[in-house]
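I opened my notebook to keep track of what I looked up. Have a look at the sequence and the model with me.

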Amino acid sequence: MTENSRIRRTAAALTAGTILLGALTACGTSDASGSAPAAASSPAPAPPSAIPPAADPTLRMVRNGGHNLAFHVTPGHNPAIVLDAGGGADSSYWKDIVPVLAKDTGSTIITYDRAGMGASDEVPGPWKVEDAVSDLEAGLTQLGATHDVVLVSHSLAGEIATYFVNKDPQWVAGSVLVDASLPNFYTDSEIAKIEAANNAQMAELQKQPSTKQTRQLLAVAASYGAMHRAYHQVSWPDTVPATVIRSSKTPFDTPDDAQLWRDAEAQFAAAAPNRTVIVADNSSHDIPLDRPDVVLKAIDEMAKQVS
């Protein structure tokens, strides 16, 4: 295993709630409404498009609270589509999706590096989701994207999205949650298991060379328990439509944890009529890398729905 792979797997443990690293094949579960979620089984051919090729993204540095954040903007029309990567990943996670999405939709596409990742400055101390929301607000405000946004959030970014739409629901027209971390998953017993696993993961990280990425993961782990006990009490506003994309393999090896992850996604989708859950067949937790076609289709449909 390469060093980057080891860090990415540790990132999953600290930020997506993984107890044992790896993946478990899903078992065809139903959602909480009693009907099976739709499966995206094979790549669909891209529809013909008269939209010219998108320009390369432009780097925009944004200042917030004494630190700089890197935002990357591909210009287009509304709704703007904002892509937020999971824990341990920066804006480059979306590099293969951005040009296709820009060409197919014609929308403005925004990616960014959270504090401590990519080209953005580090912020010392434990990671706080409220700070991440403030950073995203600052970036979108300075870029003029404060309405009709389609927010696409993978893994840990689901937590940022949940707090963001509660604070600024008028900014977000719709969301696509890609195997996202959702509140119902974080029961007291699950948090206790994750914290115990995190102790071992943190010890492994501390043996590795200190980098921006490892320091950021340690910062997330430092505030994990308190942050997720609070997150368990948060709900998604009914006014913001959402599509949940579930991986066929969750971020888990253990069946109980994997089922709890699926149940949280199903409960979320069943809680309001403007939410749905689909399954990306043949995918790990890294759905954007394994099944970009499913992610692109879901974003395109949400963008058309809210236009």
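**Entry 1: a charged pair**

I count a salt bridge when a side-chain nitrogen of Lys or Arg is within 4 Å of a carboxyl oxygen of Asp or Glu.

Before going on, I noted that this is a predicted model, where local features need pLDDT of at least 70 and side-chain atom pairs count only at pLDDT 80 or more, while totals for chains, interfaces and linings use all residues. Residues are numbered from 1 along each chain as its sequence is written, and side-chain values use heavy atoms, with hydrogens and water left out.

Helices (H or I, at least four residues) and strands (E, at least two) are DSSP runs, numbered from the N terminus. R275 counts as buried at 10% relative accessibility, whereas D238 is exposed at 52%. The cut-offs are under 20% relative accessible area for buried, over 50% for exposed and partly exposed in between, with a 1.4 Å probe and protein chains only.

**Entry 2: other salt bridges**

I searched the whole structure and noted 12 salt bridges. One of them joins D293 and R291 at 2.7 Å, N to O, and R291 is buried at 5%. Another joins K304 to D300, with the closest N and O atoms 3.2 Å apart. Both K304 and D300 lie in helix α10 (residues 292–306), 4 residues apart, about one turn of the helix. K304 is exposed at 58%, but D300 counts as buried at 19%. I also wrote down a network: E190, K193 and D257 are joined by salt bridges that share partners.

**Entry 3: strand β6**

Is strand β6 (residues 107–112) mostly covered or mostly open? I found it mostly covered, with 6 of its 6 residues buried. Strands pair if DSSP finds at least two bridges between them. Strand β4 (residues 67–74) runs antiparallel to β6, joined by 4 bridges, and V73 has I110 as its bridge partner.

**Entry 4: the cores**

Next I looked for nonpolar cores, meaning sets of buried Ala, Val, Leu, Ile, Met, Phe, Trp, Tyr and Cys residues joined through side-chain atoms within 4.5 Å. The largest has 52 residues, and W127, L136 and L177 have the most contacts inside it. Helix α3 (residues 129–143) gives the most to this core, with 7 residues. A second, separate core of 27 residues includes A173, V176, V294 and V295.

I then listed contacts of W127 (heavy atoms within 4.5 Å). Leaving aside neighbours within four places in sequence, W127 touches residues including A132, L156, I160 and M227.

**Entry 5: a buried serine**

Last, I looked up S175, which is in strand β8 (residues 172–178). S175 is buried, with a relative accessible area of 0%. Not counting residues up to four places away in sequence, S175 touches L151, W236, P241, A242, T243 and M302.
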